[in-house]
Amino acid sequence: ELVLRWLESFGSSLYEIDEVTEIFSKSTMRGLLHLAARSTLPPEQAQDLRRVLFGLIQKRVDVWRGSMFGVREFLSESLI
């Protein structure tokens, strides 16, 4: 029940649990991008969700830009 509520809050469902789990197991950021891109929430809620998730990702990329390895830690061919 908890997993179902978590998925539904992001506009996903139990039918996608295997796909979502696989993507999150590779990278939390990839999982967040996947949820944002595939959300089936009503348009206004989906837009708010995307703003929050992309804001989190933008902050993380900004941190990586200041690191020794730079943004390449996150942006790779498999993600792009």
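1. Helix α3 (residues 28-38) gives the largest share of the lining of the largest cavity, three residues. Helices here are DSSP runs of H or I, at least four residues, numbered from the N terminus. A cavity is a set of points on a 1 Å grid over the protein atoms alone where a 1.4 Å probe fits but cannot get out, and lining residues have an atom within 4 Å of a point.

2. A word on the model: it is predicted, with local features needing pLDDT of at least 70 and side-chain atom pairs pLDDT 80 or more, while totals for chains, interfaces and linings use all residues. Residues are numbered from 1 along each chain as its sequence is written, and side-chain values use heavy atoms, leaving out hydrogens and water.

3. Back to the hole itself. The count is one cavity of 30 Å³ or more, and the largest cavity holds about 40 Å³ of space. Volume is the space filled by probe spheres set on the points, which are joined across faces, edges and corners.

4. Who lines it? F10, G11, S12, E16, V20, H34, L35, R38 and S39 do. That lining splits into three nonpolar, four polar and two charged residues.

5. Of the 80 residues in the protein chain, 30% are buried (under 20% relative accessible area, 1.4 Å probe, protein chains only). Among contacts (heavy atoms within 4.5 Å) with a separation of 6 or more, 36% join residues 24 or more positions apart.

Definitions and conventions: On a 1 Å grid over the protein atoms alone, a cavity is a set of points where a 1.4 Å probe fits but cannot get out, and a pocket is an open set with protein on both sides within 12 Å along at least five of seven lines; lining residues have an atom within 4 Å of a point. Helices (H or I, at least four residues) and strands (E, at least two) are DSSP runs, numbered from the N terminus. Ala, Val, Leu, Ile, Met, Phe, Trp, Tyr, Cys and Pro count as nonpolar, Asp, Glu, Lys and Arg as charged, and the others, Gly among them, as polar. Buried means under 20% relative accessible area, exposed over 50%, partly exposed in between (1.4 Å probe, protein chains only).
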